[in-house]
Amino acid sequence: MGRASPIFLILLAFGFFIATYNLLTLIIHNRTNNLGTGIAGSLDGLFSSSFDPVIQMPGDVKRSDVSRQPFHVALTATDAPYSKWQCRIMYYWYKKVKDMPGSEMGGFTRVLHSGEPDNLMDEIPTFVVDPLPAGMDRGYIVLNRPWAFVQWLEKATIEEDYILMAEPDHVFVNPLPNLARGDYPAGFPFFYIKPTEHEKIVRKFYPEEKGPVTNVDPIGNSPVIIKKSQLEKIAPTWMNVSLRMKDDPETDKAFGWVLEMYAYAVASALHGVQHILRKDFMIQPPWDLDVGKKFIIHYTYGCDYNLKGELTYGRIGEWRFDKRSYLRGPPPKDLPLPPPGVPESVVTLVKMVNEATANIPGWDDGR
């Protein structure tokens with residue numbers, strides 16, 4: 001065989017240079033677009049013009065197997081009417097999507113931290129645990145959440161190896177797979193959880209010898225899919241950090257109603273656990289407009305619009321849906337749909353609430 005000419009070898013080397021340059025440029029561009037958070041993962045996002053939901057995933061944990069990895073759905077709740085009707089709607093949609101293609105949902109448990117059974121025991125799988133001792137939550141009832149999980153994990157028989165921590169005001173809009181990857185749980189990045197902007201406060205609970213504050217993920221405990229064995233270790237720390245944060249006036253004032261969320265993020269970091277951040281985990285109307293392939297609708301915010309379909313946030317709208325309008329009892333069946341021009345996320349939410357209330361037996365009895 002003849003020897004390759006110098007010109008051919010130069011052209012070949014130049015071609016490899018161009019290919020390498022283009023790939024590196026694409027990677028850098030992708031990392032910039034993904035908010036510059038942590039290690040960019042999921043390389044298939046680099047070669048697709050579609051929305052990449054993963055903004056943080058260590059590259060060595062991308063799931064390659066196709067085996068099903070079911071997770072147990074768990075939410076904490078009270079026996080108040082406000083909590084009950086949300087749990088009933090949430091459980092309706094869990095049952096609806098559980099066995100759909102793409103779902104890896106396993107069992108379901110409402111962890112009821114009232115200390116006593118209620119009238120939903122026969123409707124929703126429920127495990128009763130004790131509330132914190134009287135006065136310990138100081139009016140911040142969410143402090144019962146980590147304590148409820150500690151008790152449930154210690155006393156209940158949970159068949160699945162993974163757990164989804166969810167909330168009553170979640171509805172499953174699409175079948176949910178297991179988004180965790182081995183020892184890397186999956187969480188949702190909240191725009192208002194900013195550990196690096198509160199470094200002085202975070203350092204009270206996450207000392208410098210544990211590592212940089214960037215180890216504390218911008219998440220709460222829900223939604224999170226995590227290994228049961230990891231949560232069993234994290235939950236007691238989460239409870240203790242929550243109580244310590246509440247006892248510290250500076251921390252309590254700075255974190256307010258999201259204090260328990262910061263406590264989970266810090267507790268996870270103390271155990272060396274970092275989360276894959278999935279911005280497709282859920283949407284929060286009215287700020288998120290489209291449903292698309294997202295998995296959960298979280299209706300924590302009120303949705304207020306005028307009859308032109310314009311958001312009037314901060315003012316009660318001519319049309320509105322706000323869960324806080326139903327503190328003493330469930331919403332009526334067949335809520336009016338929003339006016340034309342209101343985003344898909346809000347329309348979908350109201351339709352899903354209406355479907356659930358139309359099909360849940362005994363909805364009108366006010367439970």
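Which residues is leucine 176 in contact with, leaving aside its neighbours within four places in sequence? The legends below take up this residue and several other sites in a predicted model.

**View 1. Leucine 176 and the largest nonpolar core.** Leaving aside neighbours within four places in sequence, leucine 176 is in contact with Phe71, Gly102, Ser103, Glu104, Met105, Leu164, Ile225, Phe281 and Phe295. The largest nonpolar core has 76 residues, and Leu176 is one of three that touch the most other members, along with Val73 and Phe172. Helix H7, residues 259–270, gives the most to this core, with 9 residues. Another core, of 25 residues, lies apart from it; its members include Tyr92, Ile297, Phe321 and Val353.

**View 2. Threonine 78 in the loop between strand S2 and helix H2.** Strand S2 covers residues 71–77 and helix H2 covers 81–97, with threonine 78 in the loop that lies between them. Threonine 78 has a relative accessible area of 17%, and it counts as buried because that value is under 20%. A polar atom of the threonine 78 side chain lies 3.2 Å from the backbone nitrogen of alanine 80. Not counting residues up to four places away in sequence, threonine 78 touches Ser83, Arg110, Leu112, His113 and Ile141.

**View 3. The salt bridge between aspartate 118 and arginine 110.** Arg110, one of the residues touched by threonine 78, forms a salt bridge with aspartate 118. The closest N and O atoms of this pair are 2.7 Å apart. Are aspartate 118 and arginine 110 buried or exposed? Both residues are buried. The structure holds 19 salt bridges.

**View 4. The salt bridge between arginine 138 and aspartate 247.** In this pair the closest N and O atoms are 2.8 Å apart. Arginine 138 is partly exposed, at 43% relative accessible area. Aspartate 247 has a relative accessibility of 53% and counts as exposed.

**View 5. The salt bridge between lysine 333 and aspartate 364.** Here the closest N and O atoms are 3.4 Å apart. Lysine 333 sits in the loop between strand S13 (319–321) and helix H8 (344–359), and aspartate 364 in the segment after H8, so the pair ties together parts that are 31 residues apart in sequence. The relative accessible area of lysine 333 is 36%, and this residue is partly exposed. Aspartate 364, at 62% relative accessibility, counts as exposed.

**View 6. Aromatic pairs, with tyrosine 92 and tryptophan 93.** The whole structure contains 19 aromatic pairs. For tyrosine 92 and tryptophan 93, the ring centres are 5.2 Å apart and the planes stand at 85 degrees, so the pair is edge-to-face. Tyrosine 92 and tryptophan 93 are both buried. Ring pairs also link Tyr82, Trp85, Tyr299, Phe321 and Tyr326 into a cluster.

**View 7. Phenylalanine 149 and tryptophan 152 in helix H3.** How are the rings of phenylalanine 149 and tryptophan 152 placed, and what is the angle of their planes? The centres are 6.0 Å apart and the planes are at 70 degrees, so this pair is edge-to-face. The two residues are 3 apart in helix H3 (residues 144–155), which means that about one helical turn separates them. Phenylalanine 149 is buried, with a relative accessible area of 0%. Tryptophan 152 also counts as buried, at 1% relative accessibility.

**View 8. An open sheet of 3 strands.** The strands follow the order S6-S11-S10, and their pairing is mixed. Strand S6 (170–172) and strand S10 (282–283) stand at the edges with a single partner strand each, so one side of each has no neighbour in the sheet. S6 and strand S11 (residues 296–298) run antiparallel and are joined by 3 bridges. Histidine 170 stands opposite histidine 298 in S11.

Note on methods
Residues numbered from 1 in each chain as written. Predicted model: local features only at pLDDT ≥ 70, side-chain atom pairs only at ≥ 80, totals over all residues. Heavy atoms only, no water. Helix = DSSP H or I, 4+ residues; strand = E, 2+ residues; numbered from the N terminus. Buried < 20%, exposed > 50% of the residue type's maximum accessible area, 1.4 Å probe, protein only. Polar contact = N/O pair within 3.5 Å; in protein donor to acceptor, adjacent residues only side chain to side chain. Contact = heavy atoms within 4.5 Å. Phe/Tyr/Trp six-rings, centres within 6.5 Å; stacked < 30°, edge-to-face > 60°. Core = buried A, V, L, I, M, F, W, Y, C linked by side-chain atoms within 4.5 Å. Salt bridge = Lys/Arg side-chain N within 4 Å of Asp/Glu carboxyl O. Pairing = 2+ DSSP bridges.
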